Amino acid sequence: MPESTLARAQAGDEQAFSELVAGYLRELHLHCYRILGSVADAEDVVQETLLAAWQGLSRYEGRASLRAWLYRIATNRCLNALRDSSRRPQRQPPRPPFNTPEPSREGEPVWLEPIPDDLLDGIADWAREPGAQYEAKETFALAFVAALQHLPPRQRAALLLRDALGFSSAEVAGVLESSEASVNSALQRARAAMAARLPDADRDRAPLPRSARERDLAAKFASAYAADDIDAVVALLTNDAWYTMPPVTLEYQGRDAIGNFLRESSRWRGQRSQRLIPTRANGQPAFACYLYDGQAPIFRAHGLIVLTLEGDQIHAITRFVDSSVLPRFGFPRTLPE
């Protein structure tokens, strides 16, 4: 960071400030997304962070790096946002519009959105930060971000700052205005909770992103799903696969349970056909879903599916039922017949 740029920004030069923070915007947005689970909320918090940084830049003395200073502001803005949302009346999660079979388990609602890969370009290639426990691409995978949402906010922030970004425990304590002992205790609990929710490290690795193996498996799924060939969909799953629909609390595990749910869903749709259009979310293969209207010659947006792969099988199908996420992926609300 050239000192002249910093000096100009501190003197009130907005262009210099833009140059100063430009290199951090993408990683700050990802950091806020991982804490909040929402692309839109992350964008809002990044804007708040930039405003606070601009207003407070004259007091920045350089005792910490500019990057660490920005992360401190962004993290605390995220925690404030979570605190504010917890005080509002809690939203009720939706339910599927048909009689569902008994779920494998019913958990707490997780208000999670997928993030388009366009917003992650280049981040997956970043080297692991010194002192970090995770590679960058691991920390925006859907399973990781979903597991984070089950942690208390301060544990969530501590884990990301220490294990994803490589800040020291002392630095994390400074960000969270806490003691180092308190941070280490929070990290211990957060790591145990994440280990319980994330797949074992010895499971088969997913095919490389955008590889022929990945494309072939995703195409087989899309073809079977769009054709309502439930047996073919189930044949692609691991024995312990999961089907989830955040924020719907019903969760189904195993081929039989998932197959039963998909058959009930198929009965509800009747003869209305589906279209799946490939995209990518959280570094994983995904599909925009459309369902034929039946009353007009159009297909209407019907949510987004994200696949978590394991070897040559599918370990998780995550069905986002809220179609409002589709415009972020560049998809319209309707398609012509």
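Let's start with Thr5, which sits in helix H1, residues 3-10; helices (H or I, at least four residues) and strands (E, at least two) are DSSP runs, numbered from the N terminus. This is a predicted model, in which local features need pLDDT of at least 70 and side-chain atom pairs count only at pLDDT 80 or more, while totals for chains, interfaces and linings use all residues. Residues are numbered from 1 along each chain as its sequence is written, and side-chain values use heavy atoms, with hydrogens and water left out.

Back to Thr5: because its relative accessibility is 9%, Thr5 counts as buried (buried means under 20% relative accessible area, exposed over 50% and partly exposed in between, with a 1.4 Å probe and protein chains only). Apart from neighbours within four places in sequence, Thr5 is in contact with Ala16, Glu19 and Leu20, where contact means heavy atoms within 4.5 Å.

On a 1 Å grid over the protein atoms alone, a cavity is a set of points where a 1.4 Å probe fits but cannot get out, and a pocket is an open set with protein on both sides within 12 Å along at least five of seven lines; lining residues have an atom within 4 Å of a point. Grid points are joined across faces, edges and corners, and a volume is the space filled by probe spheres set on the points.

The second largest pocket holds about 1,000 Å³ of space. Its lining is made by 34 residues, and Leu36, Asp41, Ser85, Arg91 and Trp111 lie nearest the centre. Two or more lining residues come from each of helix H3 (25-36), helix H4 (39-56), helix H5 (66-87) and helix H8 (153-164), and H5 gives the most, with five residues. By class, this lining has 16 nonpolar, eight polar and ten charged residues. Here Ala, Val, Leu, Ile, Met, Phe, Trp, Tyr, Cys and Pro count as nonpolar, Asp, Glu, Lys and Arg as charged, and the others, Gly among them, as polar.

Ser169, Ala170, Val172 and Ala173 of H9 meet Glu180, Val183, Asn184 and Leu187 of H10. The residues of this contact are five nonpolar, two polar and one charged.

Now for the cavities: a search of the whole structure finds two of 30 Å³ or more. The second largest cavity has a volume of about 70 Å³, and its lining includes Tyr225, Asp228, Arg269 and Gln274. H13 supplies the largest share of that lining, three residues. Arg269 is found in H13 and is buried, because its relative accessible area is 7%. Not counting residues up to four places away in sequence, Arg269 touches Asp228, Gln274 and Leu291.

Our last stop is Ile305, in strand E6 (residues 298-310). Ile305 is buried, since its relative accessible area is 0%. Beyond residues up to four places away in sequence, Ile305 touches several residues, among them Phe221, Tyr225, Phe287 and Arg319. The C-alpha atoms of Ile305 and Ala281 are separated by 9.2 Å, with the two residues 24 apart along the chain.
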